[in-house]
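Work through the exercises below with the sequence and the structure at hand. Each task is followed by a solution in steps.

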Protein chains: 2
Amino acid sequence: MTEMKILESIPDESGYAGKALQLLTSNNIKIWDEVKIYINDLEIKGILLPAPTGTDDVIFIKLENGYNMAFSTNKITRIEKLGRREISYKIPEKEARILSNLPNVVIIGAGGTIASRIEYGTGAVKPAFSIHELSQAIPEIFSIANIKPIELFNIFSEDMRPDYWIKMAISVAKEINSGADGIVITHGTDTMQYSASALAFMLQNLATPVVFTGAQRSSDRPASDSAVNVIHSTLFAAKGEIAESVVCMHAYLHDTSTLIHRGVRVRKMHSSRRDAFRTIGDKPLALIQYRNIKYIKEKNVMLRGKYDKSETYADAKFNNKTALIYVYPYMDPEIIDILIDKRYRGLVLAGTGLGHVPENLLSSIKRGIEEKMLIAMTTQCIWGPVKLDVYERGRTLKNIGVIPADGMLPETAFVKLGWLLGHDWDEKTIIQKFLTNLRYEIVKSEPVDAFFRNL
Amino acid sequence: MTEMKILESIPDESGYAGKALQLLTSNNIKIWDEVKIYINDLEIKGILLPAPTGTDDVIFIKLENGYNMAFSTNKITRIEKLGRREISYKIPEKEARILSNLPNVVIIGAGGTIASRIEYGTGAVKPAFSIHELSQAIPEIFSIANIKPIELFNIFSEDMRPDYWIKMAISVAKEINSGADGIVITHGTDTMQYSASALAFMLQNLATPVVFTGAQRSSDRPASDSAVNVIHSTLFAAKGEIAESVVCMHAYLHDTSTLIHRGVRVRKMHSSRRDAFRTIGDKPLALIQYRNIKYIKEKNVMLRGKYDKSETYADAKFNNKTALIYVYPYMDPEIIDILIDKRYRGLVLAGTGLGHVPENLLSSIKRGIEEKMLIAMTTQCIWGPVKLDVYERGRTLKNIGVIPADGMLPETAFVKLGWLLGHDWDEKTIIQKFLTNLRYEIVKSEPVDAFFRNL
């Protein structure tokens with residue numbers, strides 16, 4: 001790593017007020033102190049966390065297991081300062097070199113819940129933490145790697161856009177070229193699968209893991225998942241053997257296990273659970289339990305070491321005139337017509353079953369293809385392949401010129417097509433590349449146990 | 001049952017040619033005969049099935065376990081006619097009354113793979129079997145119930161439309177009023193979940209089960225799932241204790257088990273597996289194994305017996321100016337604008353995470369609501385609730401007037417909103433009904449094990 005940035009100082013304002021502040025100041029306790037609290041017979045050890053501005057009746061403690069918990073000041077019989085955790089990572093550049101036996105990991109902040117706080121006035125979650133604060137809040141990562149935090153942008157991921165994917169890809173390639181052994185990107189979970197796919201296609205000759213992570217509970221909320229997710233992501237970035245764009249999130253509920261999912265095969269499958277992410281139609285790449293990496297997929301992975309760090313580069317392009325449409329019974333064909341009128345170049349349909357659409361869409365699809373729009377077919381079933389040879393409607397679509405996206409996820413196919421169309425390649429080349437398994441995004445043969453059971 | 005229709009005769013043409021035909025005629029065997037074939041030391045008993053026109057080197061046998069298998073004529077050492085299964089259900093109306101101790105089940109044919117054949121010239125699957133032929137091909141159902149088959153229409157389900165839902169609902173209500181103890185609807189699997197939801201909302205005071213079933217493999221293909229699905233559906237229609245619109249399809253691969261899924265909570269989650277259907281975010285209603293019904297959900301079900309058959313009626317309306325849109329990063333707002341311009345009355349969005357959309361869609365959503373379009377929010381995660389109180393974007397959407405569809409599936413919410421908008425109710429009434437749990441379509445508290453694991 002060419003540069004070791006000096007971290008900013010701990011925030012001055014603890015955020016506590018009223019009873020909570022009184023309890024803390026009367027015991028000479030500051031945020032980031034190691035403390036022990038007594039609640040009747042219970043003794044709890046941890047680190048005092050900063051609070052949202054104006055918190056007056058609870059205090060936030062990071063427990064030794066990594067979780068953050070809130071405790072009501074009314075319940076606390078006693079609080080005791082144990083000491084102050086020295087911030088060993090507040091080191092100037094020359095001292096950083098002493099730690100050069102550790103791998104170098106760059107943490108790129110791209111926003112999301114993981115970098116957010118509850119605004120207690122309204123109860124809403126807003127972006128707040130900086131990536132530097134986040135790094136400080138999870139001191140464990142400094143024992144895993146030399147950490148360089150970069151705050152690229154701080155948005156919620158529903159506002160993620162192709163130009164931000166480009167910015168991230170360029171930033172990742174630059175850091176790898178500069179010596180990073182792995183990259184962590186903290187990102188909102190809503191569109192993480194789209195970004196992880198985008199970087200998978202944009203990054204060429206990838207020499208290190210690129211690990212997307214986030215949180216389903218903000219860092220200052222009880223039972224936040226951010227600490228475990230960031231620690232495991234840092235571990236995989238530093239030491240993981242798979243040099244792909246991946247997602248690292250909770251494997252199960254209430255657990256300290258995370259899964260490493262291939263970016264082009266992952267989907268957020270639950271709106272609120274911490275273990276919301278799932279690999280679709282394939283096995284996850286790895287399981288991290290108690291900070292041990294257990295590889296699950298042995299074949300068909302891109303191993304670290306194939307490319308030198310200097311070979312990695314970003315082919316960061318995207319054609320915004322690309323759309324993704326899930327079809328439904330008797331869907332209005334003008335939804336497709338408007339895209340043709342606006343000179344869209346690409347359209348990914350998520351059809352029903354093996355890749356079908358209602359009859360009333362056929363003429364618009366035909367018109368789109370005649371006007372040089374590339375139209376690809378995926379399935380809204382999420383699992384399973386597209387096959388345009390089995391049923392009559394599929395054959396009609398294929399004859400018109402619809403491209404079967406085989407076993408690609410709709411969201412991945414959308415990102416892939418937009419990325420391909422960002423290039424000056426001719427139509428034939430784009431179709432050929434679209435149908436080629438560039439990043440194992442196409443599951444050729446789904447393992448029997450890669451689909452889930454109801455009972 | 002007021003009328004017992006006389007079934008049509010067995011098709012004249014067996015479909016066999018060449019070696020296969022020679023083998024059959026030289027042994028005096030016709031289709032639907034009970035036969036025994038010998039392949040070296042193996043003896044296999046079953047019923048000879050008709051074949052796709054021009055089949056010359058295989059014969060199709062329905063095995064005793066209900067599965068259809070193809071056998072190469074080259075492998076068959078001997079074939080023997082055991083007898084002819086008398087078609088005991090070819091009985092005129094007055095004789096049908098003798099069997100009146102059996103429940104009356106109406107099988108409504110609405111098309112799909114279950115009523116289709118492979119066209120061997122092209123290999124494509126086309127609608128072919130009539131519901132009468134289907135009934136004959138699965139003689140087991142006649143021991144379960146008095147069967148009245150009705151061929152309503154024969155389409156592939158990607159062409160299913162709201163006016164067909166209306167036709168089905170009216171037909172079901174009429175048959176229940178006329179004495180049916182249960183209804184089976186054979187339907188294409190592609191859009192079965194939409195139709196099962198539509199009938200759930202349209203049918204009022206439902207006195208009997210309405211069981212949708214279909215096939216992922218056409219009836220004349222080896223390992224077709226149609227026999228087991230139709231037998232179990234007939235059983236549930238005849239004897240099931242839950243009077244709801246449900247889906248009955250394979251529970252697992254290679255099995256004789258089926259699951260009964262609540263229509264408003266089911267989704268086709270795999271494009272090709274026979275066990276493609278899954279209840280989402282809740283437990284399935286029942287498991288049928290070896291023709292025994294095992295109820296899984298005990299609470300929050302609509303029991304048979306609550307309403308008299310005469311009370312059932314179809315409130316069969318739908319406003320076609322209703323759309324379903326899955327959002328994606330940087331989605332073009334003109335996709336929403338075109339719907340507003342066309343005076344759409346309802347729009348269900350499948351947002352990201354807890355129900356978010358990109359910022360660039362906000363002004364179109366606002367405009368839609370100002371122009372009296374009802375816009376509801378679901379989640380593209382499929383599992384989990386929509387919550388518009390947690391994040392800033394959610395609050396903005398709620399303030400604009402977006403209706404959070406809570407835990408409703410996107411497809412169910414689309415059908416429900418279209419059905420509600422088919423009425424002359426005022427906006428307030430429609431919103432109130434949309435947010436009311438009319439058919440248990442809203443999962444209030446998801447069981448922990450109702451989400452799936454990757455490992």
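**Exercise 1. Decide whether A:Y330 is buried or exposed, and describe its backbone and its place in the chain.**

Step 1. The model is a predicted one, and the neighbours are counted in that model. A:Y330 has 24 C-beta neighbours inside 10 Å.

Step 2. A residue is buried if 20 or more other C-beta atoms lie within 10 Å of its own. A:Y330 therefore counts as buried.

Step 3. The phi angle of A:Y330 is positive, about 60°, although the residue is not a glycine.

Step 4. A:Y330 belongs to the loop between β20 (322–326) and α7 (334–341) of chain A.

**Exercise 2. Find out how strands β20, β21 and β22 of chain A pair, and which of the residues of β21(A) and β22(A) are buried.**

Step 1. Start with β20(A) and β21(A), which pair in the parallel sense over five bridges. Here A:T322 stands opposite A:G346 in β21(A).

Step 2. Go on to strand β21 (residues 346–351) of chain A and its pairing with β22(A), which is also parallel and has six bridges. In this pair A:L347 stands opposite A:I375 in β22(A).

Step 3. Recall that in a regular strand the side chains alternate between the two faces of the sheet. The faces can then be checked one at a time.

Step 4. In β21(A), one face has A:G346, A:V348 and A:A350, the other has A:L347, A:L349 and A:G351, and all are buried. Six of the six residues of β21(A) are thus buried, and the strand is mostly covered.

Step 5. In β22(A), one side has A:L374, A:A376 and A:T378, the other has A:I375, A:M377 and A:T379, and both faces are covered. Because six of its six residues are buried, strand β22 (residues 374–379) of chain A is largely enclosed by the rest of the structure.

**Exercise 3. Check the length of helix α10 (residues 410–421) of chain A and its burial.**

Step 1. The helix has 12 residues, and at 1.5 Å a residue it should span 16 Å. The expected span is 1.5 Å times one less than the number of residues.

Step 2. For burial, 12 of the 12 residues of α10(A) are buried, so the helix is largely enclosed by the rest of the structure. Among them are A:E411, A:K416 and A:W419.

**Exercise 4. Give the strand order of the open four-stranded sheet in chain B and say what packs on this sheet.**

Step 1. The order is β20-β21-β22-β23, with parallel pairing.

Step 2. β20 and β23 (403–404) of chain B are at the edges, each with a single partner strand, so one side of each has no neighbour in the sheet.

Step 3. β20(B) and strand β21 (residues 346–351) of chain B are joined by five bridges in the parallel sense. B:A323 stands opposite B:L347 in β21(B).

Step 4. α10(B) packs on the sheet and touches β20, β21 and β22 (374–379) of chain B. The direction of α10(B) makes about 170° with that of β21(B).

**Exercise 5. How many residues of chain B are in contact with chain A, and how do they divide by class?**

Step 1. 69 residues of chain B are in contact with 69 residues of chain A.

Step 2. Several elements of chain B each supply at least two residues of this side, including β20 (322–326), α7 (334–341) and α10 (410–421).

Step 3. By class, the side of chain B that touches chain A has 37 nonpolar, 14 polar and 18 charged residues.

Note on methods. Residues are numbered from 1 along each chain as its sequence is written. Chains are lettered from A and ligands numbered from 1 in the order in which they are written. This is a predicted model: local features need pLDDT of at least 70, side-chain atom pairs count only at pLDDT 80 or more; totals for chains, interfaces and linings use all residues. Two residues are in contact if their C-beta atoms, placed from the backbone, lie within 7 Å. Ala, Val, Leu, Ile, Met, Phe, Trp, Tyr, Cys and Pro count as nonpolar, Asp, Glu, Lys and Arg as charged, and the others, Gly among them, as polar. Two strands pair if DSSP finds at least two bridges between them. Axes are lines fitted to C-alpha atoms, for helices over the stretch in contact, and angles run from 0 to 180 degrees between N-to-C directions.
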